[in-house]
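Please keep the sequence and the coordinates at hand while reading.

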Amino acid sequence: MKEKIYFKTFGCRTNIYDSELLKNYVKDYELTDDESLASVVVVNSCTVTNGADSGVRSYIKSLQNKGVRVVLTGCGAMSRGKELFEKGAVFGVLGASVKHRINELLSSKHKFYELGDLNSFIDKDIVTRFRDHTKAFVKVQEGCDYNCSYCIIPQVRGKSRSMPQNKLIEQIRLLANNGYSEFVLTGTNIGSYGLKEGSSLGRLLQALGIIKGVKRIRLGSLEPAQIDESFKEILNEPWLERHLHIALQHTSEKMLRLMRRRSHTKDDLALFELLRSKNFALGTDFIVAHPGESVEIWAEALENFKNFKLTHLHGFVFSPRTGTHSASMKNELRGDLAKSRLNALKDIVRQNNMEFRKAQRSLTVLVESFKDGFYEGYDQFYNKIKIKSKKDLKKQWVEIDDYELRDTYNLAEF
């Protein structure tokens, strides 16, 4: 009887994809969704914030004395792998470029610390099926060439490199043939796709959108400067999700310079106004209380923020990451004041989202799950909807023309 292996995935959509790829490489173990049955636990970690690191460490600690072999992979393998390995907290550390060796390394029964080559690798294999996912994730690139002052990700993911376009076309064709019709493009910095090869994300999307079976393409986070002319050419395509997540990080020009960002508030606002005119729901990342966020800078940022009319927000209080420039900067902002500022942004976005949902007339939804008597999914604007129905709607596309607004989701009968 084969030993059982369990995968625990933290963090972003890229990690979801990487976990599925890792599962494909496991040959001598039986996959299980029940952690208690596993003799091997693979922890695909996130290290973007101190909180993410803490969550991973706490989970690994919870596995001690359970007789399981713990393998650490993901971004935390680069930032915390050596420390955890030397302490004996993990059986093995697996870098991103050696994912394909997981079966070999586990089967040897010997502890291992294999980080591989951070900067030059790109996955050679593809994922054509996703366990327990209605939509398919497709990783288009790896790494980031940006040098934002607060971010550790370039250090743990390496420089930007892109998957060959023909490989991505092949993957989406196979996934479409396997019944998937919604695709989520992911990566460390997907807007940099193809730039070193003389291409762009917009050109890639033009090629993917015409593949038979593609009904919707969702995108991971983009940088404002990466919305180029080739991308603007596809803004009216029916297969493009009507929600874009564009990482502003802040709305004060002075703060953007402190953060070593490449964008400018005036240009960002013009871009968001263009997208809003085409009825896109717009989301962003925002860091509150970064060192240097004075009363004056915050006042400027708050006033500008209101003009962006954001409908979705991934906001968080600054958390210093060891090894980054921002971690060496003096930060005097009290925790309660930082939370108050973040809550002010959340209140603005919550109201914007409610007004945006109220203004829509028709929603296109891929039903993903059934929970507590309701079918659930997300519409083309990346808003959650709960649907009451006597029909079996799981994995079905439905058109909703009549719905009620709730605080954080829409409610409908079908």
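β19 and β20 (residues 410–413) pair in the antiparallel sense over 2 bridges, where pairing requires that DSSP finds at least two bridges between the strands. Helices (H or I, at least four residues) and strands (E, at least two) are DSSP runs, numbered from the N terminus. Within this pair, glutamate 404 stands opposite leucine 411 in β20. Both strands belong to an open sheet of 6 strands with mixed pairing, in the order β18-β15-β16-β17-β20-β19. Its edge strands, β18 (397–400) and β19 (404–405), each pair on one side only.

The model is predicted: local features need pLDDT of at least 70, side-chain atom pairs count only at pLDDT 80 or more, and totals for chains, interfaces and linings use all residues. Residues are numbered from 1 along each chain as its sequence is written, and side-chain values use heavy atoms, with hydrogens and water left out.

Strand β1 (residues 3–9) has parallel partners. With β3 (residues 40–45) β1 pairs in the parallel sense over 5 bridges; phenylalanine 7 has valine 42 of β3 as its bridge partner.

Which residues lie closest to the centre of the second largest pocket? Among its 16 lining residues, they are Phe7, Thr9, Glu20, Lys23 and Asp33. β1 and α1 each supply at least two residues of this lining, and the pocket volume is about 340 Å³. On a 1 Å grid over the protein atoms alone, a pocket is an open set of points with protein on both sides within 12 Å along at least five of seven lines, a cavity is a set where a 1.4 Å probe fits but cannot get out, and lining residues have an atom within 4 Å of a point. Grid points are joined across faces, edges and corners, and a volume is the space filled by probe spheres set on the points.

The whole structure holds 3 cavities of 30 Å³ or more. The largest cavity contains about 80 Å³ of space. Of its 14 lining residues, Gly74, Met78, Gly95, Ala96 and Val156 lie nearest the centre. β4 (69–74), α3 (75–79) and α6 (153–157) each contribute at least two residues to that lining.

A search finds 11 aromatic pairs. Rings of Phe, Tyr and Trp (its six-membered ring) pair if their centres lie within 6.5 Å; planes under 30 degrees apart count as stacked, over 60 as edge-to-face and the rest as tilted. Phenylalanine 130 and tyrosine 180 are edge-to-face, at 6.2 Å centre to centre and 85° between the planes. Phenylalanine 130 lies in the loop between β6 (112–114) and β7 (136–139) and tyrosine 180 in the loop between α7 (165–177) and β10 (182–186), so the pair ties together parts 50 residues apart in sequence. Both residues are buried, a label for under 20% relative accessible area, with exposed over 50% and partly exposed in between (1.4 Å probe, protein chains only).
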